[in-house]
Amino acid sequence: MKTVNSMNLKFLSRSVNEAFARTAVSGFLLSLDPLLEELNDVKTAVSEAVTNAIVHGYKNSIGYIYISVSVKEDRRVTIKIKDKGCGIPDIEKAMEPLFTTGGEERSGLGFSVMDSVMDKIKVTSKEGSYTTVTMERRFSSKGE
């Protein structure tokens, strides 16, 4: 399927930039004239993935977060969020609901939330190197 539009972002892993990422991605997707629910779901998923990169990927350091978004002819949107932080030693364990390495203030539901609002989620990671979260969602046509 042919890509009809795409964008890339790079920003520092500061917590204040989570709102920027969410707003930038949702603003980019406005060209699809999405349903409000679809847009809110994507904003939620982006927030969770970026927050994971900030809190877990870079822990007590600052690095870059990279986001790429592509829109296909069939209105399928792919969002990739990557950090070059510490990586995830056990992806399967990290994706379990309520599992967290972030302390008592973290719920451990980030991946579960992403999975519940997106059609597909894939996590790749190399310990000590990077983590990439790839999410897909097909946007409906207004008439569907």
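This is a predicted model: local features need pLDDT of at least 70, side-chain atom pairs count only at pLDDT 80 or more; totals for chains, interfaces and linings use all residues.
Q: What does Glu18 pair with?
A: Glu18 forms a salt bridge with Arg22. Their closest N and O atoms are 2.7 Å apart.

Q: Where do Glu18 and Arg22 lie?
A: Both are in helix α1, which covers residues 17–29. Glu18 and Arg22 are four residues apart, about one turn of the helix.

Q: Is Glu18 buried or exposed, and why?
A: Glu18 counts as buried because its relative accessibility is 15%, and buried means under 20%.

Q: And what about Arg22?
A: Arg22 has 24% relative accessibility, so it counts as partly exposed.

Q: Next pair. What does Asp41 meet in a salt bridge?
A: The side chain of Asp41 meets that of Arg137, at 2.7 Å from N to O. This pair links distant parts of the chain, as Asp41 and Arg137 are 96 residues apart.

Q: Which elements hold Asp41 and Arg137?
A: Asp41 belongs to helix α2 (residues 36–57), and Arg137 belongs to strand β5 (residues 130–138).

Q: Is Asp41 buried or exposed?
A: Asp41 is buried, with a relative accessible area of 16%.

Q: Which residue does Asp74 bridge to?
A: Asp74 forms a salt bridge with Arg76, with the closest N and O atoms 3.7 Å apart. The pair counts because the cut-off is within 4 Å.

Q: How accessible is Asp74?
A: Asp74 counts as partly exposed, at 24% relative accessibility. Arg76 also counts as partly exposed, at 23%.

Q: Changing topic: where is Lys120?
A: Lys120 is in strand β4, which covers residues 120–126.

Q: What does Lys120 touch?
A: Leaving out residues up to four places away in sequence, Lys120 touches Thr134, Met135 and Glu136.

Q: How many residues lie between Lys120 and Thr134 in sequence terms, and what is the distance in space?
A: Lys120 and Thr134 are 14 residues apart in sequence. From C-alpha to C-alpha, the distance between Lys120 and Thr134 is 8.1 Å.

Q: Last one: why does Lys120 count as partly exposed?
A: Lys120 has 48% relative accessibility, so it counts as partly exposed; over 50% would be exposed.

Note on methods
Residues are numbered from 1 along each chain as its sequence is written. Side-chain values use heavy atoms; hydrogens and water are left out. Helices (H or I, at least four residues) and strands (E, at least two) are DSSP runs, numbered from the N terminus. Buried means under 20% relative accessible area, exposed over 50%, partly exposed in between (1.4 Å probe, protein chains only). Contact means heavy atoms within 4.5 Å.
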